[in-house]
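Please look through the sequence and the model below before reading on.

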Amino acid sequence: MIKDDFPYFRNNNIVYLDSASTTQKPQIVLDSIMEYYTHYCSNTHRGSYNHGDKTTTKFEESRNYIKEFIGGRPKDTLIFTKGVTEGINLVANSYVKNNFKSVIISSLEHHSNITPWHMQGRTLGNGLEVIGYNKDLTIDLNHLEDLLKKNRDSFLSITHISNAFGILHPIKEIIDLSRKYNAKILIDGAQAANKLKLDMSWLQPDFYTFSAHKCYGPTGVGALYVNSSIINDLTPYQTGGAVIDRVSYKQSTYLPAPLKFEAGTQNIAGVIGFKKGVEYIKSVGFNNIKENEKKLIKIIYSEFNKIDGVTVWGDTHNMGNISFNVDGITPIDLGILLDKQKIAVRAGHHCAMPIMESLGIDGTLRISLGVYSNESDIQLFFSGLIKAIKILRG
Amino acid sequence: MISERIEKIRQDLEFFEEDIDKYEYIVDLGRRLNILEDELKDDSLLIHGCTSKVWLLPSLVDGKIIIKADSNSVIVKGLVSILVYIFSGIEPLDIINFNVKDLEVLNLTEIISPTRQNGLFHMINRILEYAALWRL
């Protein structure tokens, strides 16, 4: 049973349906972090002693393993970050800032793919364009093509899977379309890297960014894949220790990528745990993850059909995240009453306020699945939901 | 006075063995809260939470803070009604001298957690700010 791999479930009798926020951590991830701190704790790329060398080796092994995990080619670059948010901010500042007149995003973006563009003074119609969506929240590809035509040589920054609604964007089609109009493209893979077998050598985006903590790894660490065709066009936007080749009072010169983008001591334990997180995903297997989600989502839709006044957002092909509202009841009321029944779900705007506003709602209740989610979780969730609705409807 | 009111609420809540039953009671409290009139619910009174809104209208009457409040969430409204019961009609100095940690005995995590979610934590802070402003 997969839950047995996770100490969280040994310590808590909770139905955890908030994996889109963060996944639980398997024992092997925790062990790797503890082993680093208790057996060979030292800094990377500096120490000329045994443990320093071992730490550097482990750190770089993680880099290579994670790059391979997403199908990156040896010549491509993987930069460690704090997570997707830092990945997007790095690209915004190191690459996009002075080089692109227009940035195009989708309607389903997380705030982390909206606010970095505002910080550059871009607003809707003034350096920032937003792709429309269809009734089922899927992307309006015709509108995307219109925007690309009107804004040639633009920068497209788009989520792979929507965090709020679980909508899967047809990312290969979007990349191919963007190339026709000479756009560069960044993909936010926060919700995708833990459930889709990625292949950067086939997708060929310019950037792909994702977070460890949504891949069963630790918080505070993530990765930014950079296509080899573009890496030399990036300039570091922060500097300090560990990125410098030579410094004098007159000037400084940088180490080659990726090191020049990793200023200061990195989250070493996090990087080591990150590798174990993706190893865990591989050990479960993408097919098993897909089949389990498919089976559970089918049950979820069938159960929702039995409850009056429920709106489930999106198409019926949601990837692990399902958002819904119940007529006349605020999401937080449901969230609190589910919590009191030991069911953890997310109530709110899910850091996606513009699309909530566009749909005319303050927020939704979102259930999101992980590798450990099972039929029992779903049945307990629905019995809890029905009880909560009964109380709230009086 | 505040301590006695907290103790009264604690005893009421202690009656329920299961959390879900306790919150059903809180839902009922919310339904009974003397709500703010719609025309008073402007943005200046709004305390933003992630998913619920709380409107807070404190005033100083005869040296005591009188609180009117409302929320768009039934449960938050119930929790707000508890806070109104505890703090309304109290002199500002007594509120300033009150230790917020004393609310922990109620075991209502939504009130004491500094979460952005429901605005209750910020409501308490706002009451404390008004008490400091109106300190006699």
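In chain A, eight strands form an open sheet with mixed pairing, in the order S2-S9-S8-S7-S6-S3-S5-S4, where two strands are taken to pair if DSSP finds at least two bridges between them. S2 and strand S4 (123-124) of chain A stand at the edges with a single partner strand each, so one side of each is left without a neighbour in the sheet. Strands here are DSSP runs of E with at least two residues, helices are runs of H or I with at least four residues, and both are numbered from the N terminus. This is a predicted model, in which local features need pLDDT of at least 70 and side-chain atom pairs count only at pLDDT 80 or more, while totals for chains, interfaces and linings use all residues. Residues are numbered from 1 along each chain as its sequence is written, and chains are lettered from A and ligands numbered from 1 in the order in which they are written.

Strand S9 (residues 222-226) of chain A has strand S2 (residues 77-81) of chain A as a partner, and these two pair in the antiparallel sense over five bridges; A:Thr81 has A:Gly222 of S9(A) as its bridge partner. Strand S8 (residues 207-211) of chain A is also joined to S9(A) by five bridges, and these strands run antiparallel, with A:Leu224 of S9(A) as the bridge partner of A:Thr209. S9(A) is mostly covered, since five of its five residues are buried; a residue is called buried if 20 or more other C-beta atoms lie within 10 Å of its own, exposed if 12 or fewer do, and partly exposed in between, with C-beta atoms placed from the backbone. Of these buried residues, A:Gly222, A:Leu224 and A:Val226 point one way from S9(A), whereas A:Ala223 and A:Tyr225 point the other way.

A second open sheet of chain A has four strands in the order S12-S13-S16-S15, with antiparallel pairing. Its edge strands are strand S12 (310-312) and S15 of chain A, each of which pairs on one side only. S15(A) is joined by three bridges to strand S16 (residues 364-368) of chain A, and the two run antiparallel; A:Gly348 has A:Thr364 of S16(A) as its bridge partner. H11(A) lies across strand S13 (321-326), S15 and S16 of chain A, running at about 155 degrees to S15(A), where axes are lines fitted to C-alpha atoms, for helices over the stretch in contact, and angles run from 0 to 180 degrees between N-to-C directions.

Helix H13 (residues 375-393) of chain A holds A:Ala388, which counts as buried because 28 C-beta neighbours lie inside 10 Å. Leaving aside residues up to four places away in sequence, A:Ala388 touches A:Leu334, A:Leu337 and A:Leu338, contact being defined by C-beta atoms, placed from the backbone, within 7 Å.

The contact between the chains takes 15 residues from chain A and 16 residues from chain B. On the side of chain A that touches chain B, the elements that give two or more residues are helix H11 (331-339), strand S15 (346-348) and H13 of chain A, and the largest share, five residues, comes from H11(A).

Key
Contact = placed C-beta atoms within 7 Å.
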